[in-house]
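Let's take a walk through a protein together, one piece at a time. Have the picture ready and follow along as we go.

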Amino acid sequence: MSDPIAADIQRAVAAVSIPDVDATLGAAGARIETRITADGPVVAVHLGFPAAGIRAALESAVAAAASTAAGGATAAKVSIDWSVTARAPQGGLTPLPGVKNVIAVASGKGGVGKSTTAANLALALAAEGARVGLLDADVYGPSQPTMLGVAGRQPGSRDGKTFEPLQAHGLQVMSVGFLVDDSQAMIWRGPMVTQVVNQLIFQTAWQDLDYLVVDLPPGTGDTQLTLSQKVPVAGVVIVTTPQQVAMQVARRGLKMFEKVGVPLLGIIENMSSFVCPKCSHEEPLFGAGGGADLAAECGIPLLGAIPLDRTIRAQTDAGRPPVVAEPQGILAQRYREVARRTAAALARRPADQKHKFPRIVVESGR
Ligand SMILES: Nc1ncnc2c1ncn2[C@@H]1O[C@H](COP(=O)(O)OP(=O)(O)OP(=O)(O)O)[C@@H](O)[C@H]1O
Ligand SMILES: [Mg+2]
């Protein structure tokens, strides 16, 4: 790109802020290609994360920056696309077949809305334009089959060795809830739990996923520790409510992941304020700003705050979470913001070399 105008455009476009994501295109690692044609500048922006919800806004911002940099005489033609690549998991673990990135959703305390958040995050990533799977690794209380409207169904197997994930609202889904009933899972002990979860993770035939969202069991005990050491996780998000107690436990969770080298992508504050169903007034029922304080203290981003809204409970418990029940609604928009920020945070992590150069196994003997 020797043309000085093209270089100016390139610089101006790199400085454009990405809506909802706390970064410029340059800082987010976007690839920008600029050509000067007889009809004016042509700019192609390639993102490393899905961004369907902001594509139009970003296109206008890039076009405005490019036209200004080109002297304002001609309008710039802009295109925006994305492709998700694998990011390095902790400890150089080997990636899962068919999965570029595992995103674990964890919480210190139970009942903070981890499963609800995981379901909506997975659906929101898909709505943004990614191929997404959801693994319900919470053997003690699998809730994803109900939340995604596929309870009572069973996964099949084509080869007699691996499970075929079920399809729900465009996601590939696997849950211990498809295999056993709740009362059976409750009596399992640590090693048994780990074995079952390992089986679900490593013996499911995931099909070409950009992201596999994993709903982890609540807490920071042995099961969680073993999982966070064995499963190749590209990044973890921590769900917390704003109360002091929930955050203290979330802090313990953060430390555990830090210790085993799992990259922390950020914090999602759930039930951050109460939305009155009558007057739509938002009230910080459990205190305000807790998630932001914890994020600042730990030096990681606050990926978003989701209100306590009975629509979330009603729709998610009925098997159609807000992201699919009301895709244009305010709640879906909030989850999609969180999804974009999560995916953008992941895209800034170092690439996974193992994915680029797959291990070659020479099989001998028959
Ligand atoms: N933002 C929210 N607004 C309203 N209700 C919510 C919200 N988030 C979760 N809930 C509701 O709170 C209850 C608990 O949520 P969920 O099952 O997702 O929590 P969890 O952290 O996964 O719990 P567990 O520790 O039992 O796995 C559910 O009934 C869910 O519908
Ligand atoms: Mg749960």
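In which handedness of crossing does H8 pass H9? The crossing is right-handed, a word used when the near helix is turned clockwise from the far one by less than a right angle, with anticlockwise being left-handed. Before we go on, a word about what you are looking at: this is a predicted model, in which local features need pLDDT of at least 70 and side-chain atom pairs count only at pLDDT 80 or more, while totals for chains, interfaces and linings use all residues. Residues are numbered from 1 along each chain as its sequence is written, and chains are lettered from A and ligands numbered from 1 in the order in which they are written.

Helices (H or I, at least four residues) and strands (E, at least two) are DSSP runs, numbered from the N terminus. Helix H8 covers residues 244–259 and helix H9 residues 290–298; they pack at an angle of about 30°, their axes 11 Å apart. Axes here are lines fitted to C-alpha atoms, for helices over the stretch in contact, and angles run from 0 to 180 degrees between N-to-C directions. H8 is therefore roughly parallel to H9, since angles under 35 degrees count as roughly parallel, over 145 as roughly antiparallel, 65 to 115 as roughly perpendicular and the rest as oblique. From H8, Met-247, Ala-250, Arg-251 and Leu-254 make the contact with Gly-290, Leu-294 and Cys-298 of H9; contact means C-beta atoms, placed from the backbone, within 7 Å.

Now find H3 and helix H12 (residues 330–347), which pack at an angle of about 80° with axes 8 Å apart. These two helices are therefore roughly perpendicular to each other. On the H3 side, Asn-120, Leu-121, Ala-124, Leu-125 and Ala-127 take part, and they meet residues of H12 including Tyr-335 and Arg-336.

H10 gives the most, with 5 residues. Altogether 22 residues surround the ligand, the closest being Gly-110, Gly-113, Lys-114, Ser-115 and Thr-116; a residue is near the ligand if its C-beta atom, placed from the backbone, lies within 6 Å of it.

Finally, step back to the domains. The assignment, automatic or from a database, gives domain 1 (4–82) and domain 2 (90–354). Their C-alpha centres lie 32 Å apart, and their contact takes 14 residues from domain 1 and 15 residues from domain 2.

Definitions and conventions. Contact = placed C-beta atoms within 7 Å.
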